[in-house]
Amino acid sequence: MITASPGARITSPALADWRQLWRDSVTDSRELLSLLELNHLADRLPADDAGFSLRVPRGFVARMRPGNAHDPLLRQVLPQLAEMEQVPGFTTDAVGDLAAREAQGVLHKYQGRALLIASGSCAINCRYCFRRHFPYGDEMAAAGQWRQALEHVRQDTSINELILSGGDPLALSTSKLEELSHGLAGLTHIIRLRIHTRLPIVLPERIDTPFTDWLKSLPLQKVVVLHANHANEFDDSVDAACARMRDAGATLLNQSVLLRGINDDADTLAALSERMFAAGVLPYYLHQLDRVQGAAHFEVSDAQAQSLIEDMRGRLPGYLVPKLVREVGGDPSKRPL
Ligand code: SF4
């Protein structure tokens, strides 16, 4: 087994096998607390992980600070009793995904773009996840060699950008991604592939040579939208993964979620922008929390969110200030705040 204890970094000349690292993830909340010397918090864990199991790669755990119950990375993954509260306005389909479904695993919300639910799996389970209740079992674009999804894309020539989302699309094997790119051959209306993924942040070993060879080979514009919420999520291994994707011709952007107790102050958000830029990543969106059941304790008011962005504008160049948005089901685009 390949393991990393808190404070240690996985270093090896060749990249460790990401599937092995995935299998070796921490999935037991008590084990996570023990690794971080926080056993006294075990009494505050909700039963059955509040119905959304804990999962976190050990390399990500290694970026948490032992003994710190308020660690911003820990707070993103540790089940909380607050998740059990039913709060009015917080639902199981917070962004209207089900209404936007057009074919198996295909969501069509915005003009010119189609989103494929490529995979239902993630290497990490984020407690605020807007799709924590999504019926992935029925909605997998990669099923049957992407047949239904590709047929939909073939027929709708208004689509020029495909977005791979999930779950995490990089949970798929590279050979599964190759099936998709083979299926896209000849679809001249598709000019761009966008990949929404948190894997390069939480399991950077996923960005291995077969993947970057595949990315490089695509005759399309390539955009990889990462998901990091705090500067501490970056380390040398993430920087190296970003460099490999840039070398493969991808433009790198990042979207964050504004989370109470994690990144809801201007210093933290500014540090995140600076840190991601050092890794060659530009800020894209700062999302107001999607109002998903179980995540109400993470919500930040719109007034505070707007004041944070104003503060960032005052201290950062414009290209380091993300767009503050909310996703509203049925809207023709993200709604700027
Ligand atoms: S990586 Fe994204 S899709 Fe997966 S649990 Fe986290 S927020 Fe949800």
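Trainee: Why does N125 count as buried?

Mentor: The structure is a predicted model, in which local features need pLDDT of at least 70, side-chain atom pairs count only at pLDDT 80 or more, and totals for chains, interfaces and linings use all residues. Residues are numbered from 1 along each chain as its sequence is written, and side-chain values use heavy atoms, with hydrogens and water left out. N125 has a relative accessibility of 12%. Buried means under 20% relative accessible area, exposed over 50%, and partly exposed in between, with a 1.4 Å probe and protein chains only. N125 is therefore buried.

Trainee: Where does N125 lie, and which residues does N125 touch?

Mentor: N125 is in the loop between strand 3 (113-119) and helix 5 (143-155). Helices (H or I, at least four residues) and strands (E, at least two) are DSSP runs, numbered from the N terminus. Leaving aside residues up to four places away in sequence, N125 touches F52, S53, L54, R55, Q76 and V77. Contact here means heavy atoms within 4.5 Å.

Trainee: What makes R58 and D24 a salt bridge?

Mentor: A salt bridge requires a side-chain nitrogen of Lys or Arg within 4 Å of a carboxyl oxygen of Asp or Glu. Between the side chains of R58 and D24, the N to O distance is 3.4 Å, and the pair is accordingly a salt bridge. R58 lies in helix 3 (residues 58-61) and D24 in the loop between helix 1 (18-23) and helix 2 (29-35), so the pair ties together parts 34 residues apart in sequence. Both R58 and D24 are buried. A network of salt bridges links D24, E31 and R58.

Trainee: How do you know that R63 and D235 form a salt bridge, and which parts of the chain does the pair link?

Mentor: The side chains of R63 and D235 meet at 3.3 Å, N to O. The pair links distant parts of the chain, 172 residues apart: R63 is in the loop between helix 3 and helix 4 (74-77), and D235 in the loop between strand 6 (221-227) and helix 9 (236-247).

Trainee: Why are R63 and D235 called buried?

Mentor: R63 has a relative accessible area of 10%, so R63 is buried. D235 has a value of 12%, so D235 is buried.

Trainee: What makes D267 and R315 a salt bridge?

Mentor: The closest N and O atoms of D267 and R315 are 2.7 Å apart. D267 lies in helix 10 (residues 266-278) and R315 in helix 11 (residues 302-315), so this pair ties together parts that are 48 residues apart in sequence.

Trainee: Why does D267 count as exposed, and why does R315 count as partly exposed?

Mentor: D267 has 53% relative accessibility and therefore counts as exposed. R315 has 40% relative accessibility and therefore counts as partly exposed.

Trainee: How many salt bridges does a search of the whole structure find, and how many helices and strands does the protein have?

Mentor: The search finds 18 salt bridges. The protein has eleven helices and ten strands.

Trainee: Why is the protein called as compact as a globular protein of that length?

Mentor: The radius of gyration, taken over C-alpha atoms, is compared with the globule rule, 2.2 Å times the number of residues to the power 0.38. The protein has a radius of gyration of 19 Å, close to the 20 Å that the rule gives for 337 residues, so the protein is as compact as a globular protein of that length. Of the 337 residues, 55% count as buried.
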